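This report is for a reader who is new to the structure shown below. Please look at the sequence and the model before reading on.

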Amino acid sequence: MVDIPPHEGGRDIAERLVRAGLEVETVEVIGEGVIGILVVGHVVVIEELTEFKKPIRWCQVDVGPEHGGVRGIICGARNFAAGDMVVVALPGTVLPGGFTIASRETYGHTSDGMICSERELGLGDNHDGIMVLPEAAGEIGADAAPIVGVGDEVLDIAVTPDRGYALSMRGIARELAFSYEVDFDDPGIRVVELPAPAAGAVPADCGSEDFAACGLFTIRTVTGFDTSAPSPLWMQRRLVLCGIRPVSLAVDVTNYVMLELGQPLHAFDLDKLSGPVRAGWAKAGSRLETLDHVVRDLGPDDLVILDDSGIIGLAGTMGGLTSEIDDATMNIALEAAHFSSGVVARASRRHRLSTEASRRFERGVDRILAPYASARAAELLIRFGGGTYVGMTAVEAQYRPSRISMPVTEPSD
């Protein structure tokens with residue numbers, strides 16, 4: 001998006017943003033305190049040691065010839081298996097908190113390193129088990145620090161209601177381009193190359209019953225999606241660092257593109273839909289069970305997403321449970337729309353439901369983003385989850401951009 005001078009670090013960037021009027025609360029170095037060697041290891045063999053009170057495993061882990069080849073490591077975690085790729089801290093490495101890894105005798109064996117969890121590396125609070133890397137994460141023995149994000153700098157920015165664009169990487173990058181006086185490659189208007197729609201396939205239809213409340217509504221359809229395809233590690237890490245829990249590839253892609261461009265998206269299970277997907281108003285006495293498993297009472301002031309079966313989502317806020325993506329979802333209808341900020345803000349307050357989507361819509365989302373963002377999301381879904389691109393349907397009210405005139409001498413440095 002923007003090329004920042006290589007000598008500029010996180011604190012330098014923070015100072016630029018503060019001068020632009022943004023509130024940078026902290027600059028955090030991920031994995032701060034890690035000193036030494038972290039490598040990608042391949043678990044070759046696991047022997048279960050059953051003579052102890054708690055489960056203990058004697059693991060043979062290949063860390064590459066330059067690091068001693070196969071090393072024996074004691075580990076108590078159960079969430080990995082022979083054949084998995086893991087992160088190994090070699091003897092001499094210091095982990096956050098000043099914990100130094102050493103070869104030591106334990107449980108009748110010499111443990112020659114440590115297989116690491118996210119929490120042990122200071123990457124997050126997840127202590128459910130070992131970090132298992134995707135097969136394509138890196139070669140055996142490769143430096144694991146950049147793969148898992150050790151050393152990355154994260155800026156925590158408090159976004160005020162009038163700066164909604166700053167809830168996206170696109171918005172922050174634009175501010176930095178102005179600050180550094182460098183070119184800004186706007187990803188919000190970048191045309192993504194998608195495969196030609198499948199011959200004869202018909203994409204899901206869409207509509208809007210009130211163009212004042214929903215002036216743009218699009219649906220892109222992807223079929224034959226691999227339900228077992230994992231999200232790439234880099235995407236999972238970025239979501240975690242932004243406070244979003246990775247769920248599945250389809251959900252993670254919609255969340256990631258929202259963070260990247262600022263356009264909220266929603267993925268429906270196409271096979272759970274009936275008829276065109278459209279924006280419209282709820283009727284008195286309507287109810288919807290949202291994805292948080294809460295049944296909500298709706299009325300004529302609620303803009304909702306509908307199909308022929310009834311209400312399937314609260315527009316700009318949260319989807320409904322009946323059409324959610326699950327582990328069996330193979331066919332996806334990807335919604336990207338532009339909703340009135342006032343309509344979404346009132347619904348969010350009325351239902352006491354603030355979400356990542358509603359926070360953005362109520363602050364104002366760039367009117368042009370929806371089709372570009374959905375194309376980006378479809379491209380990521382196809383790249384990492386396979387499937388066939390079926391096409392896009394869209395409805396749009398005539399767009400009249402606001403124009404503000406002022407004397408050229410009015411703005412000052």
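## Surface patches and a buried strand residue

Val70 is partly exposed, with a relative accessible area of 47%; buried means under 20% relative accessible area, exposed over 50%, and partly exposed in between, with a 1.4 Å probe and protein chains only. Val70 sits in strand S4, residues 70-75. Together with Val44 and Val45, Val70 forms a nonpolar patch on the surface, and the accessible area of the patch is about 220 Å². Patches are made of residues with over 30% relative accessible area and no salt bridge, with like charges joined within 9 Å and nonpolar side chains (Val, Leu, Ile, Met, Phe, Trp, Tyr) within 5 Å. A salt bridge is a side-chain nitrogen of Lys or Arg within 4 Å of a carboxyl oxygen of Asp or Glu.

This is a predicted model, in which local features need pLDDT of at least 70, side-chain atom pairs count only at pLDDT 80 or more, and totals for chains, interfaces and linings use all residues. Residues are numbered from 1 along each chain as its sequence is written, and side-chain values use heavy atoms, with hydrogens and water left out.

A patch of negative charge on the surface gathers Glu23, Glu25, Glu28, Glu32 and Asp156. Strand S1 (residues 23-29) gives the largest share of this patch, 3 residues. Glu23 is found in strand S1 and is partly exposed, at 44% relative accessible area.

Leu334 belongs to strand S22, residues 332-339. Leu334 counts as buried, with 2% relative accessibility. Apart from neighbours within four places in sequence, the contacts of Leu334 (heavy atoms within 4.5 Å) include Thr218, Ile219, Arg220, Leu265 and Ala377. Met318 is 16 residues from Leu334 in sequence, and their C-alpha atoms are 14 Å apart.

| Residue | Relative accessible area |
|---|---|
| Val70 | 47% |
| Glu23 | 44% |
| Leu334 | 2% |

For the protein chain as a whole, there are 8 helices and 23 strands; helices (H or I, at least four residues) and strands (E, at least two) are DSSP runs, numbered from the N terminus. The C-alpha trace spans about 70 × 55 × 45 Å along its principal axes. Of the 413 residues, 49% are buried. Among contacts with a separation of 6 or more, 71% are between residues 24 or more positions apart.

Terms used:
Accessible areas come from the Shrake-Rupley method with a 1.4 Å probe; for residues, only the protein chains shown count as cover. Lys and Arg count as positive and Asp and Glu as negative; His and the chain ends are not counted. The place of a charge is taken as NZ of Lys, CZ of Arg, CG of Asp or CD of Glu.
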